[in-house]
Amino acid sequence: MKNSTARTQPEKRFEHLPSDDNRPLAIGANFQDDPLNRNTLRKSHALQLDRKTDYAPHTEYTYTAFDGDKTRSSRKPLEDINDVDVWNGWFSEEISEEDKKYFVARFAGFFKETVQNSTMEKERVRKVCIRFHVEDNSISIQESQEINSGITDTRILDRRQVPKDTRNPSNIFLLSDFQIGGSVTIYGIIYTIVDMDARSRKYAREVLGEEAPAAVPWPDDVYSASVKNTFSKSAVRGVTSDDMDLRRAVEQQLAGIYSKHSNEDITIARQFFKNPIKEHLSYLALWDDRANISGDLHFCVIRLYSENTSIEIVEDRPENCGSTGGPILLSRQRVPKPGSDLAASRFQEHTYGKLMKNNYLSAEDIHIGETYTIYGKPFFVYDCDQFTRDYVKANCGFSLEPAIDIKPFLSEQKNHKVMFYPPPPNGFGSETEKRDNWLTLEGKTARIDLEKVIHETGRVMKFSAKFAKPLSKDDEGRRFLVAFYRETDEVEVTEKAIRNSGFMGGRFLTKGKHRMELPNGTTRPYTPSDFQVGKEVVIFKRPFLLLEMDDMTQHIVNGTDNPTNEDKMRYLLLLLKQQISLKFKKANEAYRSLAPQGTLGYQQVKEFLRSCSCTISDEEAVLLVQNIAPGSNGIISYDQFLEIVNAGIENMDEASLSARSVKNVNMTINTTMKDTASVSEIKHRHRQLRKSLQHKLIQRKGTVQEQFRLLADHSANSRLNRDTFRKSLNEVMHFNVNKPDEDMLVSMLFDGQQDENGDITFKQFQEFIDYCDDLS
């Protein structure tokens, strides 16, 4: 144990205790911590001794305390330094004239915050530092950090002028409003002032002429009391210099080595001091994840930091790519080499986790053109920057491969469309329920097609059928009844009972929404067109040959299954009166609603009943018009409408809405009424278009001759043709009508009046205008 305890040790004294933020000491300082710390950068600077040194040199550090109230100017000058003027800078409490203008007064205060959902504490004291800038009377508030509370030094209020009352912005806080022991309310938060720093006290004493009162003690809350108890109970024994020397001497005798640091730690520390902080090598890589359903081709950058050989992977995402989450795929850490055994690897217990001490990727292991699997994801390295190439060539002794063209990767499409098919039937539930459970987790009730229900209610197509491909001779004589329900698209198969056949008649296939299988593997519901006499229909892989249909099915196919009779006509007449009485209060309102163009014919009656969820055919609409207005020519005038409907609207009772109120129904269809009604509608539309054109011309000032020149686009031959008239209607007159009405108006003006060139003269146009005046 020579040279271990009995020796003279050098001694150094220092007056400043290192701060709590773990900033490194001067060169030569020794302390027990990790040899590698990425966040605080603390290092032990005596990592390896000279081989000739067989003892443990150590330096005795003596702390002489530090008086915070003393200024630098009040301390004794050092003997080595000459008595010269030295700028004391930030450590001076002297206040110059410039300082008075830009002075910042600092106050220590707190505000109380209510703690919700806690049985331990009701409120917590949060300490702040309030800075008041004398230059512009602005205020800034900074919150102080609390130990193990999760509260960091956060800026609560940026520098600004704060009004005392938001309703009066000109009345702002001044320096005189901040007094020790008092409180101020800033934006609804009550801050209590407990103290101010020494420089601010001197400013108040020398500049303001006021003596600041003594500091007020801080209030204690439950959390502060618990923190004090925790620190008071902890007993930490500092290791003295003699104890450390004794420990090293024992290690030297037992293990044969002196240094407490391993060779790996020494190599890591040397690497840290050799390379600049944050210096890294950048490799461009691809992560191809297109084999998955929602995968994509990711462009990544692999950064290898030379200070500690840690790797960080960042994704280079294009704009509006739709990816979620941050761009960092892998935070800084050491990545194991491919094929390395992690169980045999050594790890360093680090303040912020574990670091590998061997078998990790370094700059010598990464080459261009290679694929590296990092945590299950393959990264293909295809290029790097010029700094990385120069660094590898200078420090690793080899040159990196040239860049690889990645256009084949970009053009390749690995995401193929995935086809999903419904599962086969298992006998539980209907086909609709199974498909709903397969498509969604929460099945929804299918919407009812009301129009289909109105048209197809009670319509069932029935066919006699047999097996198209019997499996045995016994199946050849079996007969079936195939029923298709048009309202719900359901299929039902029933077997007929035949004596001495050995097969019992009855239900062969339960009624349900069965689906037809298509050659591509998908399915669809059955439709009425699938059921025709002489056609094969496959139901659950059993082909049925349809032999014949019944009479009702024949009427459904021919469209004569719902013939018009007197009862139905009485029902339609009553329905028309009921809907008019329910929707309108006056007859003129009803007539204008039913005949918006001024013509009430069978088409308008049919459209009105369709809006009331009652669809009828043209023949039924013609019969309705005949029974409402027997003496009309297919057009119901307003007077005829009044005779039938007006009394019913004003004095309608239960007796008038019963079938007995309709005495006689005319079931003879007038075949010419359709044509007559169409011609009447066209004439009425002609009259309306001519009146509209007349009003447009009246709105434009000038004579008829000037209007003709305007429509003719000032033609040199004083003629008006069809194309010019169409163009003038839209661009000059702004006569906004649809194409059929425009064609009708052009034919009214030119048909029978144009010459061999298709033009009309001013006299013909004037006659057309005068004819409009006669109609008005």
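## Cavities

About 40 Å³ of space lies in the second largest cavity of this predicted model. A cavity is a set of points on a 1 Å grid over the protein atoms alone where a 1.4 Å probe fits but cannot get out; the volume is the space filled by probe spheres set on the points, which are joined across faces, edges and corners. Pro422, Pro423, Glu431, Lys434 and Arg435 line the second largest cavity, where lining residues have an atom within 4 Å of a point. Two of these residues are nonpolar, none is polar and three are charged (nonpolar: Ala, Val, Leu, Ile, Met, Phe, Trp, Tyr, Cys and Pro; charged: Asp, Glu, Lys and Arg; polar: the others, Gly among them).

The largest cavity holds about 50 Å³. Its lining has seven nonpolar residues and no polar or charged ones, including Ile302, Leu361 and Tyr372.

## Aromatic pairs

Rings of Phe, Tyr and Trp (its six-membered ring) pair if their centres lie within 6.5 Å; planes under 30 degrees apart count as stacked, over 60 as edge-to-face and the rest as tilted. The count comes to 19 aromatic pairs. Phe111 and Tyr191 form an edge-to-face pair, with 5.5 Å between centres and 70° between planes. Both Phe111 and Tyr191 are buried (under 20% relative accessible area, 1.4 Å probe, protein chains only).

Phe173 and Phe178 form a tilted pair, at 6.1 Å and 50°, and both are buried.

## Basis of the values

Residues are numbered from 1 along each chain as its sequence is written, and side-chain values use heavy atoms, without hydrogens and water. In this predicted model, local features need pLDDT of at least 70 and side-chain atom pairs count only at pLDDT 80 or more, while totals for chains, interfaces and linings use all residues.

Note on methods. Buried means under 20% relative accessible area, exposed over 50%, partly exposed in between (1.4 Å probe, protein chains only). On a 1 Å grid over the protein atoms alone, a cavity is a set of points where a 1.4 Å probe fits but cannot get out, and a pocket is an open set with protein on both sides within 12 Å along at least five of seven lines; lining residues have an atom within 4 Å of a point.
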